[in-house]
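Try each task on your own before you read the solution.

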Amino acid sequence: MAEADGHSMKLIVCVVCACVRASWATEAVLPGTVEYHYGVCRPLLFIMGFQIDISSTEQYKHEVLGTPGTLQVLECYNDWAGPCKPIQATLKALYFSLSDRPLKFYTVNVDKVHGFEQYRGKCQPVFLLQKDGIVQQTVTGVQGPPLVQLITSLTDPAGRGAAV
């Protein structure tokens, strides 16, 4: 990183549009630090997607149940089908637009995680909107607008979400 007058140069990258710009940082900046122009730093997105894949009961307990106070969108899928690709762009856009809210996205392999047996053998994805281990809403199939409306409503900090 370049330095001038005690300031460090940092990169500001947008993972949505891939624009890159440089800025002088007033605080100490670690090499490789990346910020996004919309103000939220989520560097793990370069390594992995916005969804965390859950493929064991232990991982479910740790990742999902171990994150209280957060709305978790769990996409249930079968080994033979995999996660739904057509809805990913919608969910990713929602992930970025609601980045200031307590929200996480997961994919759950129902053939490997105990407790999801009722979703096995389904040819449509099932989305569970869960908070503190309790399912708040269930959406079956690829229904983008209702899913977006539910997620937005359930994460509205002022409780002003759209009526569902």
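**Exercise 1. A cluster of rings**

Which residues do ring pairs link into a cluster? Keep in mind that this is a predicted model.

Solution. Start with the total: the structure holds six aromatic pairs. Next, take one of them, phenylalanine 50 with phenylalanine 105. Their ring centres are 5.7 Å apart and their planes stand at 70 degrees; planes over 60 degrees apart count as edge-to-face, so this pair is edge-to-face. Finally, follow the ring pairs onward, and the cluster turns out to consist of Phe50, Tyr95, Phe96 and Phe105.

**Exercise 2. What the ring pairs tie together**

Find where phenylalanine 50 and phenylalanine 105 lie, and say what their pair ties together. Then do likewise for tyrosine 60 and phenylalanine 116.

Solution. Phenylalanine 50 sits in the loop between strand E4 (34–35) and strand E5 (51–54), while phenylalanine 105 belongs to strand E7, so their pair ties together parts that are 55 residues apart in sequence. Now check burial, for which the cut-off is under 20% relative accessible area. Phenylalanine 50 has 9% relative accessibility and therefore counts as buried; phenylalanine 105, at 2%, is buried too.

Turn to the second pair. Tyrosine 60 and phenylalanine 116 are edge-to-face, with 5.2 Å from centre to centre and 85 degrees between the planes. Tyrosine 60 is in helix H1 (residues 57–65) and phenylalanine 116 is in the loop between E7 and E8, so this pair ties together parts 56 residues apart in sequence. Tyrosine 60 is buried at 11% relative accessible area, and phenylalanine 116 is buried at 5%.

**Exercise 3. The largest core**

How many residues does the largest nonpolar core have, and which of them have the most contacts inside it?

Solution. The core has 18 residues, and those with the most contacts inside it are Leu91, Phe105, Phe127, Leu129, Leu147 and Ile151. Next, ask which elements supply two or more residues: they are strands E6 (71–77), E7 (103–109) and E8 (126–131), together with helices H2 (88–97) and H3 (144–154). H2 gives the largest share, four residues.

Now zoom in on phenylalanine 127. Setting aside neighbours within four places in sequence, its contacts include Val73, Leu74, Leu91, Val139 and Leu147.

**Exercise 4. Two helices side by side**

At what angle do H2 and H3 pack, and which residues meet?

Solution. The angle is about 20 degrees, and the axes are 11 Å apart. Angles under 35 degrees count as roughly parallel, so H2 and H3 are roughly parallel to each other. Their crossing is right-handed. Where they meet, Thr90, Leu91 and Leu94 come from H2, and Leu147, Val148, Ile151 and Thr152 come from H3.

**Exercise 5. A loop residue**

Is lysine 85 buried or exposed?

Solution. First locate lysine 85, in the loop between E6 and H2. Exposed means over 50% relative accessible area, and lysine 85 has 64%, so this residue counts as exposed.

**Exercise 6. The whole chain**

How many helices and strands does the protein chain have?

Solution. There are three helices and nine strands. To finish, consider burial: of the 164 residues in the chain, 37% are buried.

Notes. Residues numbered from 1 in each chain as written. Predicted model: local features only at pLDDT ≥ 70, side-chain atom pairs only at ≥ 80, totals over all residues. Heavy atoms only, no water. Core = buried A, V, L, I, M, F, W, Y, C linked by side-chain atoms within 4.5 Å. Buried < 20%, exposed > 50% of the residue type's maximum accessible area, 1.4 Å probe, protein only. Contact = heavy atoms within 4.5 Å. Phe/Tyr/Trp six-rings, centres within 6.5 Å; stacked < 30°, edge-to-face > 60°. Axes fitted to C-alpha atoms, helices over the stretch in contact; angles between N-to-C directions. Parallel < 35°, antiparallel > 145°, perpendicular 65-115°, else oblique. Left-handed = near helix turned anticlockwise from the far one by under 90°.
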